[in-house]
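Please consult the sequence and the model while reading.

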Amino acid sequence: MKLSQKQWRVVGTIAAVAATTTAGGVAWAATSADPTPSASPSTPGQQQKPDGPGKGGVRGEFGLGGALHGEFVVQKEGGGYQTMAMQRGQVTAVSKDSITVKSSDGCSRTYALTADTLVNAARDGISDVKTGNTVRVTAVVTNGNATASSVNDGTVRQAAGQKWGFKHGPR
């Protein structure tokens, strides 16, 4: 069963909320920084590259400013509210019914998979997602249980992109 237009709107809203929240956090951090000047190793006019995960600026990895995991509430179409979760990390277990992801800070969570879960891996969907792959999961949380609405496998996507000559995978 495919995601309905309403479900796509929810996923889009989640992405927009996450990006806005991240941008606000970056702006707050920038204005709350220590005003004491420090030496900069860069030459004027040169821009330094990020030096690790979560250092990707506002866009960051997967477009979420380097966020590892979190929950947030969105308004449902027609009224009411819905809790959503997002997590980025390594797959520690995967089956046709669930996926467990562990973020670099040690947070681990298991997500139920359904026929409605959109899997962006390769041709075989969740079967291509392997233990150790880096993924981003977006889920709906009901009574503390998280059901994945999407699983984005960056490892498989990057390998497929390199196969076709993309330097860093398809964009």
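Q: Over how many bridges do strand 2 and strand 6 pair?
A: In this predicted model, local features need pLDDT of at least 70, side-chain atom pairs count only at pLDDT 80 or more, and totals for chains, interfaces and linings use all residues. Residues are numbered from 1 along each chain as its sequence is written, and side-chain values use heavy atoms, with hydrogens and water left out. Strands (E, at least two residues) and helices (H or I, at least four) are DSSP runs numbered from the N terminus, and two strands pair if DSSP finds at least two bridges between them. Strand 2 and strand 6 run antiparallel, and their pairing extends over 8 bridges.

Q: In the turn of the hairpin formed by strand 1 and strand 2, which residue has a positive phi?
A: Strand 1 (residues 69-75) pairs with strand 2 in the antiparallel sense over 7 bridges. Within that pairing, V74 stands opposite Q82. The hairpin has 5 residues between the two strands, and the residue in the turn with a positive phi, about 90°, is G78.

Q: Which residue of strand 3 stands opposite V94?
A: Strand 2 and strand 3 run antiparallel and are joined by 4 bridges. A hairpin links them through 3 residues. Opposite V94 stands I99.

Q: To which residue does the backbone nitrogen 3.1 Å from a side-chain polar atom of S95 belong?
A: S95 is found in the loop between strand 2 (81-94) and strand 3 (98-102). Leaving aside residues up to four places away in sequence, S95 touches L113 and I126, a contact being heavy atoms within 4.5 Å. The backbone nitrogen at 3.1 Å from the side chain of S95 is that of D97.

Q: Is S95 buried, partly exposed or exposed?
A: Buried means under 20% relative accessible area and exposed over 50%, with partly exposed in between (1.4 Å probe, protein chains only). The relative accessible area of S95 is 33%, so S95 is partly exposed.

Q: Why do the buried residues of helix 2 line one face, and within what arc do they fall?
A: In helix 2 (residues 154-163), the buried residues are G154, V156 and G161. Seen down the helix axis, they line one face because they fall within an arc, taken from the directions from the axis to the C-beta atoms, of 165°.

Q: Against which strands do the buried residues of helix 2 pack?
A: At the start of helix 2, a side-chain oxygen of D153 comes to within 2.9 Å of the backbone nitrogen of T155. Just after the helix, G165 takes a positive phi of about 95°. The buried residues of helix 2 pack against strand 6 and strand 7.

Methods:
Polar contact = N/O pair within 3.5 Å; in protein donor to acceptor, adjacent residues only side chain to side chain.
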